[in-house]
Amino acid sequence: MTVTRLFNGTHLRADLMRTGAPDLVVTFDWRVIGRRGFTKMTPNQRFLDAGYDQLMIATAANDWFVNPDTTALEHALDGVSAQYDGVLGIGFSMGGYGAVRFSRTLGIQRIVAVSPQVSISHAHAPFEWRYREEAAGFDPALGDLTQRADPDLTGHLLLDPLNSADLAHGRALQVHCPGLRLVRLTGAGHPASGLLRAVKRAGRIPGLLLDPEGGLRPLLQDHRSARRGQPDYWTRLAAALDARRPALAAKARARAADLASQMR
């Protein structure tokens with residue numbers, strides 16, 4: 001196996017792990033609080049064991065891959081997908097946006113995106129308020145998915161429907177790519193992998209990418225099982241119930257406090 005740096009920019013990097021496989025998985029960096037430059041890109045052994053090469057795209061800032069290197073990266077990666085029979089993509093939050101943003105350039109056919117955004121610009125996502133600092137430097141034209149998202153893209157968008165912004169992003173992404181399916185992981189938070197990680201079942205997410213038919217049911221089962229014993233789930237549920245069902249909200253909040261005390 002060899003790793004080749006296909007693009008080495010000031011703002012973006014792209015490394016390809018070659019194994020001679022016929023298919024490719026593209027992974028995208030995620031938003032890192034307090035990020036200071038590039039983080040180390042490490043191939044996912046699950047994908048390598050399943051017989052995939054892996055293209056890893058990293059960014060030096062929490063910029064949603066939209067920066068002075070974006071166009072040059074697209075040129076550098078143009079034609080990579082022609083070397084493979086199939087191309088998959090996966091990303092979390094900012095990385096999920098990246099999987100859609102570069103789907104046409106990279107010939108990505110199917111993705112799993114966890115709590116992705118359609119944009120962080122109010123021009124395209126007026127409901128988004130969480131990333132104000134990053135949005136100030138975001139180029140809405142370069143980040144626009146209209147001509148860059150492959151309309152034939154399929155896959156799963158995992159999100160917490162209690163998070164109104166994430167749900168709005170998911171629905172907006174379906175406008176660009178109708179073949180994307182929303183998978184509602186209630187109370188999972190942002191990104192919607194939180195409860196699965198808490199019970200060490202986050203491997204269900206790459207499993208869903210590799211097996212879209214057989215991977216969904218066990219992922220949903222593990223999420224439902226996990227939420228019963230996680231205080232974060234009950235806290236989020238309580239917040240959602242406060243306005244219309246205050247009595248139930250109080251019970252959920254009490255359950256959260258009881259579980260939290262048991263974990264101390």
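Asp 166 is buried, its relative accessible area being 0% (buried means under 20% relative accessible area, exposed over 50%, partly exposed in between, with a 1.4 Å probe and protein chains only). This is a predicted model, in which local features need pLDDT of at least 70, side-chain atom pairs count only at pLDDT 80 or more, and totals for chains, interfaces and linings use all residues. Residues are numbered from 1 along each chain as its sequence is written, and side-chain values use heavy atoms, with hydrogens and water left out.

**Salt bridges**

The whole structure holds 10 salt bridges (a side-chain nitrogen of Lys or Arg within 4 Å of a carboxyl oxygen of Asp or Glu). Side chains of opposite charge can pair when their charged atoms come close. Three of these pairs are listed here.

| Pair | Closest N to O distance |
|---|---|
| Asp 166 and Arg 130 | 2.9 Å |
| Asp 222 and Arg 201 | 3.7 Å |

What does the bridge from Asp 166 to Arg 130 tie together? Asp 166 sits in helix H6 (residues 164-176), and Arg 130 in the loop between strand S6 (110-114) and helix H5 (132-136), so the bridge links parts 36 residues apart in sequence. Helices (H or I, at least four residues) and strands (E, at least two) are DSSP runs, numbered from the N terminus. Arg 130 is partly exposed at 22% relative accessibility. Glu 128 is buried, at 2%.

The bridge between Asp 222 and Arg 201 has a 3.7 Å closest N and O approach. Asp 222 belongs to helix H9 (residues 216-228), while Arg 201 lies in the loop between helix H7 (194-198) and helix H8 (204-210), so this pair joins parts 21 residues apart in sequence. Asp 222 is buried, with 15% relative accessible area. Arg 201 is partly exposed, at 41%. Shared partners join Glu 128, Arg 130 and Asp 166 into one salt-bridge network.

**Helix H6**

H6 has 13 residues. From first C-alpha to last, H6 reaches 19 Å, close to the expected 18 Å (1.5 Å times one less than its number of residues). Its buried residues are Ala 165, Asp 166, Leu 167, His 169, Gly 170, Ala 172 and Leu 173. An α-helix has 3.6 residues a turn, so residues three or four places apart point the same way. Which elements cover the buried residues of H6? Among them are helix H3 (94-101), strand S7 (154-159) and strand S8 (179-184).

Note on methods
Contact = heavy atoms within 4.5 Å.
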